Amino acid sequence: MHADMSFIGLFLQASWLVKFVMLLLLAMSIYSWTLIFSRTRVINAAKISLQHFEERFWSGHDLSRLYKETAARSERIVGSEKIFYSGFKEFSRLHRIPGRNVDSVTEGAHRAMRVTLSREIDELEKGLPVLATIGSISPYIGLFGTVWGIMNSFIALGQVQQATLAMVAPGIAEALIATAMGLFAAIPAVMAYNRFSTQVASLETAYINLMEDFTSILHRQSMNENE
């Protein structure tokens, strides 16, 4: 009687521990793909938002008017627009204080933008540590299932008088599926983590550059008003 060598057949013939490993890896793979689609949407939205906001910021329009437009949508803004909004809001608040110092007003606005920048980067990086974890441990989990399956196959082999390849092959095949599933879960997770990390670092650099440029503009504006 020949053993069923299909994927489903090998899964059903596997020991309960190897089945658990396969199901765990399948769940990790599904979760990593959920994160990949979710992060792709969030990071792409941040890149589009940055591009649109930079066009408006450097178009020469009055920054007070740009702030009012941003404030009207304050609940829905993200990324660079949110950093600009928090900086200008703090600048306006400090600017109304009698006897204000130009440097302290500018530094206050810069601190507010720094805090917002940190929150925006945290939001962009959400889920990336999970992808890194799945990418690093999945092969080891799969390897554990393979070792366990092969060990059981050899134990069963030792209990018969005459061993044939047909008796050994199904056990080894079902064990190797665990390694294949581990790699299936790990490879996309590692690729996505590297890609997203690069994109987030690029966005962070763009945010910092915009924040520094905006701080210089606020400082010049304060100096001109005090003269």
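Start with the aromatic rings: this structure holds 13 aromatic pairs. Rings of Phe, Tyr and Trp (its six-membered ring) pair if their centres lie within 6.5 Å; planes under 30 degrees apart count as stacked, over 60 as edge-to-face, and the rest as tilted. The model is predicted, so local features need pLDDT of at least 70 and side-chain atom pairs count only at pLDDT 80 or more, while totals for chains, interfaces and linings use all residues. Residues are numbered from 1 along each chain as its sequence is written, and side-chain values use heavy atoms, with hydrogens and water left out.

**Stop 1: Phe57 and Phe214**

Select Phe57 and Phe214. They form an edge-to-face pair, 5.8 Å centre to centre, with 80 degrees between the planes. Phe57 sits in helix H2 and Phe214 in helix H7 (residues 165-226), so this pair links distant parts of the chain, 157 residues apart. Helices here are DSSP runs (H or I, at least four residues), numbered from the N terminus. Buried means under 20% relative accessible area (1.4 Å probe, protein chains only).

**Stop 2**

Keep Phe214 and select Phe84. This pair is tilted: 4.8 Å centre to centre, 45 degrees between the planes. Again distant parts of the chain are linked: Phe84 is in helix H4, Phe214 in helix H7, 130 residues apart. How buried are the two? Phe84 has a relative accessible area of 2%, and Phe214 has 1%.

**Stop 3: the ring cluster**

Now widen the selection. Ring pairs join Phe53, Phe57, Trp58, Tyr67, Phe84, Tyr85, Phe88, Phe91 and Phe214 into a cluster.

**Stop 4: the largest pocket**

Next, select Val42, Val78, Gly79, Glu120 and Glu123. Of the 14 residues that line the largest pocket, these lie nearest its centre. A pocket is an open set of points on a 1 Å grid, where a 1.4 Å probe fits, with protein on both sides within 12 Å along at least five of seven lines; lining residues have an atom within 4 Å of a point. Helices H2 (16-57), H4 (79-95) and H5 (102-124) each give two or more residues to the lining. H2 gives the most, with 4 residues. The pocket's volume is about 190 Å³, counted as the space filled by probe spheres set on the points.

**Stop 5: colour by confidence**

Finally, colour the chain by pLDDT, the predictor's confidence in each residue, from 0 to 100. The chain's mean is 88, and 96% of its residues reach 70 or more.

Terms used: Buried means under 20% relative accessible area, exposed over 50%, partly exposed in between (1.4 Å probe, protein chains only).
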